[in-house]
Amino acid sequence: MALYSEKVMDHFLHPRNVGVIEDADGVGEVGNAKCGDIMKMYLKIDNDVITDVKFETFGCGSAIASSSMATEMIKGKPVSEARELTNKAVAEALDGLPDYKMHCSVLAEEAIKSALEDYEKKK
Amino acid sequence: MIYADNAATTKMSTAAIDKMVSLMREQYGNPSSLYRLGQSAKEVLEEAREKVAGIIGAEPREITFTSGGSEADNQAIITAAKIGEAKGKKHIISSAFEHHAVLHTLKKLEKEGFEITLLDVHEDGLVRPEEVEQAIREDTALVTIMFANNEIGTIQPIREIGAICRKKQVLFHTDAVQAIGHLPINVVEDNIDMLSASSHKFHGPKGVGFLYAKKGIRLVNLIEGGAQERGKRAGTENVPGIAAMAVALEEAVANLDNYTKNVQAKRDRLIEKISEIPHSALNGDREHRLPSNVNFCFEGIEGESLLLLLDEKGIQASSGSACTSGSLDPSHVLLAIGRVHDVAHGSLRLSISEETTDEDVETIIKSVKEVVEYLRGFSPIWRDLVSGKKAFIL
């Protein structure tokens with residue numbers, strides 16, 4: 001038995017959408033270094049559609065995998081849909097996370113919400 | 001595969017495996033049985049006791065076999081607490097970075113009205129003998145300080161602390177789980193009243209250990225139900241495990257000089273090269289340290305992802321990050337030496353053995369450098385540090 005599902009390991013070892021968007025329309029950062037997890041999401045939004053998304057994460061394997069999966073789930077989606085993304089959906093898409101790692105998926109949901117809020121503010 | 005987590009557990013030595021298997025096949029008798037099969041198992045048991053006792057400078061009757069280091073720690077501390085309590089002494093001195101087998105037992109005693117003083121271990125991870133002396137009171141029942149720390153490998157001034165305890169007539173226990181088989185230990189010369197050991201840390205089997213308690217210390221039972229171990233630890237003895245432990249310890253101690261020379265040189269190479277990583281720091285004193293232990297903090301990254309990526313490269317190591325413990329706090333050891341949370345999450349412990357080759361050492365160095373750089377590449381903290389938005393701690 002491995003610690004994580006194959007999906008988690010795949011997204012951890014080959015994270016999608018890693019990086020920074022310099023002229024992002026929305027940026028959100030959640031978590032704190034004290035707890036060992038920080039996620040930062042950058043969104044490029046055109047006509048209320050997320051055309052590009054990038055992330056940076058300081059954290060454990062499941063935090064990196066959750067960020068990666070969450071970016072995949074919202075890329076190309078309308079803002080209204082991205083707003084509905086739940087941590088559960090992220091965790092399920094990863095074929096589950098250990099109980100004590102569920103907070104990583106929560107961070108991913110919060111990071112996206114925070115970036116969307118930033119976008120609304122800037123609009 | 002490069003196994004660099006020997007502080008977690010070790011690979012059993014061939015001699016210990018052979019001993020164990022042959023005993024399991026042939027000496028399956030119960031040492032408490034009177035017929036020959038039982039009595040020959042008893043002989044095996046007593047031979048192991050003599051061997052273990054001889055190695056640490058104790059008498060056979062001062063050795064009690066246990067299920068491992070944790071049980072030995074529990075029994076030693078509970079024993080000293082009860083002895084003290086009977087004389088109205090309810091104060092215990094320990095250190096902030098003991099193993100949880102010690103700290104949790106002390107917590108339990110605290111709830112029963114004992115007062116616990118946890119000494120500072122300073123930035124170098126070393127207890128100061130003079131601070132032990134200052135902390136000892138009229139009502140101090142026990143001083144318990146680990147021989148070598150399990151995470152950062154720092155070796156404590158046990159002999160000096162022991163001498164102070166002798167002078168002040170206070171019982172002195174040491175959790176020597178990481179030290180025995182790795183450092184020379186003699187309970188008489190080192191002024192030790194009680195000592196805990198665990199077999200699987202020196203290439204013996206898991207689930208076996210022992211407690212040394214100086215003659216005259218009446219052990220308090222944790223397990224009731226039989227006359228085994230002079231009535232102090234009930235349960236049919238794990239004869240194959242105990243005998244294999246004695247073999248493993250004998251081997252380790254006979255080879256101690258070679259081991260130290262060989263492993264320490266590799267440790268030093270690892271420390272020297274890993275130190276080249278910018279904004280990293282060695283945890284624990286450079287000199288007073290187990291020959292096998294390397295422990296670093298890297299700023300801007302988190303330990304679990306570091307371990308997983310090293311595992312992908314075939315390297316097994318350990319970290320004091322919160323994520324590896326299932327709690328929100330990083331290792332209490334790293335916090336005790338003054339590492340702040342942000343940095344403590346990014347720790348790496350490598351604990352090597354004689355099986356670690358020079359080539360392995362170079363692979364580890366290269367892999368650690370690569371992985372740290374890779375993780376920093378998409379760490380928002382690292383970005384803030386590099387851009388000057390946040391100040392570097394290391």
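Colleague: How many residues of chain A are in contact with chain B, and how many of chain B with chain A?

Modeller: This is a predicted model. In it, 27 residues of chain A are in contact with 24 residues of chain B.

Colleague: And what area do chain A and chain B bury between them?

Modeller: About 2100 Å², with 67% of it on carbon and sulfur atoms. On the chain A side, A:Lys34, A:Glu56 and A:Phe58 supply 26% of the area buried against chain B, more than any other three residues.

Colleague: How many salt bridges are there between chain A and chain B?

Modeller: The count is 2. One of the salt bridges joins A:Lys101 to B:Glu304, where the closest N and O atoms are 2.7 Å apart.

Colleague: Which elements of chain A give two or more residues to the side that touches chain B?

Modeller: Two helices and two strands do: α1 (6-13), β2 (37-46), β3 (49-58) and α2 (61-74) of chain A. The largest share comes from β3(A), with 4 residues.

Colleague: How do the residues on that side of chain A divide into nonpolar, polar and charged?

Modeller: There are 17 nonpolar residues, 5 polar and 5 charged on the side of chain A that touches chain B.

Colleague: Changing topic. How many cavities of 30 Å³ or more are there?

Modeller: The count comes to 2. The largest cavity has a volume of about 80 Å³, and 13 residues line it.

Colleague: Which of those lining residues are closest to the centre of the largest cavity?

Modeller: B:Asn6, B:Ala7, B:Gln178, B:Ser292 and B:Ser351. By class, the lining of the largest cavity has 8 polar residues, 4 nonpolar and 1 charged.

Colleague: What about the second largest cavity, what is its volume?

Modeller: About 40 Å³.

Colleague: Which residues line the second largest cavity?

Modeller: From chain A, the lining has A:Thr57, A:Phe58, A:Gly59 and A:Ile64. From chain B, it has B:Gly300, B:Ile301, B:Glu302, B:Ser305, B:Leu375 and B:Ser379. A:Phe58 is also one of the three residues named for the area chain A buries against chain B.

Colleague: And how does the lining of the second largest cavity divide by class?

Modeller: Into 5 polar residues, 4 nonpolar and 1 charged.

Notes
Residues numbered from 1 in each chain as written. Chains lettered and ligands numbered in written order. Predicted model: local features only at pLDDT ≥ 70, side-chain atom pairs only at ≥ 80, totals over all residues. Heavy atoms only, no water. Contact = heavy atoms within 4.5 Å. Buried area = accessible area lost by both parts, 1.4 Å probe. Salt bridge = Lys/Arg side-chain N within 4 Å of Asp/Glu carboxyl O. Nonpolar A, V, L, I, M, F, W, Y, C, P; charged D, E, K, R; others polar. 1 Å grid on protein atoms, 1.4 Å probe; cavity = no way out; pocket = protein on both sides within 12 Å on 5 of 7 lines; lining within 4 Å. Points joined across faces, edges and corners; volume = space filled by probe spheres on them.
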